[in-house]
Amino acid sequence: MLCDHQLVVQHINDYVDNKLPQNMRQQVQQAISNCDDCQSTYQQCLEMQLMANAWQPESTPEWHRTKFAVRPPVKQNNWLNWGSMATSTLAILMVVFQLEINSTEAGINISFGGNQAESKIENMVASQLATYKAEQDKIFQVKLDDALEKQDNKTKLRLATWLEKNRDERQQDIKFVMTGWQSQRYQDQLDADKRFAFFADNQIENNQAINQLIQTVKSNPEDSKRSNQLNNL
Amino acid sequence: MFQLHKDEKLIEKALGGSQRSWVSLVKRYEGLVYNYCLRMTFNSSDAMDLMQEVFLATYRNLPSYRGQNQFKGWMMRIATNKTTDFLRARGRNPLHRAGEVSDDSYQSPEIQVAHSHHNDPAEQYKIEQNNLQIKQILDRLPDEQKLVVELKFFQHFTFEEIAQQTGNSINTVKTRLYTALGKLKGFSEIKNAM
């Protein structure tokens, strides 16, 4: 019967450690039972394991465990620490006391409490306000000019419109008045004509009466003188 | 889990410059590494040198340890690399076998002091003889096979881990182990060592 030595080679340790699945274990077991070489390998593996277990741990001789391995902690120079602390303290104090260093044409001004900054801020604010005011005035002036121009135009337009409308109205009024006047004149003329006609009629009647009177007078000598007088009249 | 956490803490502190943490970490694993080196080099003096190299390399590479694996596995990978280099360098040295006649015939005073910690000299002698036999058996193997036997039977790594540590395929590792077992066949010393 041919033996699969490779199977034993591959799994002999797991077999010894009892880590093989059941079917594989049975195959290896069969190979070990039937093959002298595999049996020998198995025995050797067991013996090697026993040998390993038989090893008595030897104590380690004393040795310098940190030599060449752990570097000693680096000591920092104290002045660096103090220098850092002093710098930090100075910086904090400068902030707390509002130290200000201002370089101007007159030189360098050093002040505490932030006064320099306040006056500077005030000046800046005033300057900025003046700028804003000038800009605002300019804007106002422009807007005012625009408004005036618009108003002027509107006024002119209204005036022109009003004049136009007024002229028409006046013309209409005049026409109405003229019509009324002409109508009145015509009526007056009619009345006058009527009165003249009436007056003429009266005059005719008067003349006739006078003529009759004259005739009467003429027929009466005494009255003829009066009649002449009347005729002279 | 607790052990791993503790390793991490010690590593963190050691990286911060704590010598005490580093010493604690070394003390935890130095026995394992020393015995490993002893079996691999067959010589206490070489074992000490190699162990120191391993811990030195471990410390220098400590910042690159990400904690993704167990510290032991990571450290043993360094140990494997160092051992391979060490054995290769020693193999090139013609004087290397000169002192093989009597292993540990010379022991430095520190080693003697360390060994004298055992109370019973007879017991100590017995242990030394037992270990000597095992070392002699292992020393008959070529270095690469010895390394695989060491990692499998003494360090109990899986084939995957051994393959990772040695930079070989799993099949190569298994073949080397099988070959090593074949070479050790018939060595009565194995049984005697038991």
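Here are some questions and answers about a predicted model with chains A and B.

Residues are numbered from 1 along each chain as its sequence is written, while chains are lettered from A and ligands numbered from 1 in the order in which they are written. In this predicted model, local features need pLDDT of at least 70 and side-chain atom pairs count only at pLDDT 80 or more, whereas totals for chains, interfaces and linings use all residues.

User: How many helices and strands are there in chain B?
Analyst: Helices are DSSP runs of H or I with at least four residues, strands are runs of E with at least two, and both are numbered from the N terminus. From that end, the elements of chain B run α-α-α-α-α-α-α-α-α-α. The count for chain B is 10 helices and zero strands.

User: Which helix of chain A gives the most residues to the side that touches chain B?
Analyst: Residues are in contact if their C-beta atoms, placed from the backbone, lie within 7 Å. The contact takes 29 residues from chain A and 38 residues from chain B. On the chain A side, α1 (5-16) and α3 (36-54) each supply at least two residues. With 11 residues, the most comes from α3(A).

User: Are α1(A) and α2(A) roughly parallel or roughly perpendicular to each other?
Analyst: Axes are lines fitted to C-alpha atoms, for helices over the stretch in contact, and angles run from 0 to 180 degrees between N-to-C directions. α1(A) packs against α2 (residues 22-34) of chain A at an angle of about 115°, with the axes 10 Å apart. Angles under 35 degrees count as roughly parallel, over 145 as roughly antiparallel, 65 to 115 as roughly perpendicular and the rest as oblique. α1(A) and α2(A) are therefore roughly perpendicular.

User: What percentage of the residues in chain B is buried?
Analyst: A residue is buried if 20 or more other C-beta atoms lie within 10 Å of its own, exposed if 12 or fewer, and partly exposed in between, with C-beta atoms placed from the backbone. Chain B has 194 residues, and the buried share is 35%.

How values were computed:
Two residues are in contact if their C-beta atoms, placed from the backbone, lie within 7 Å.
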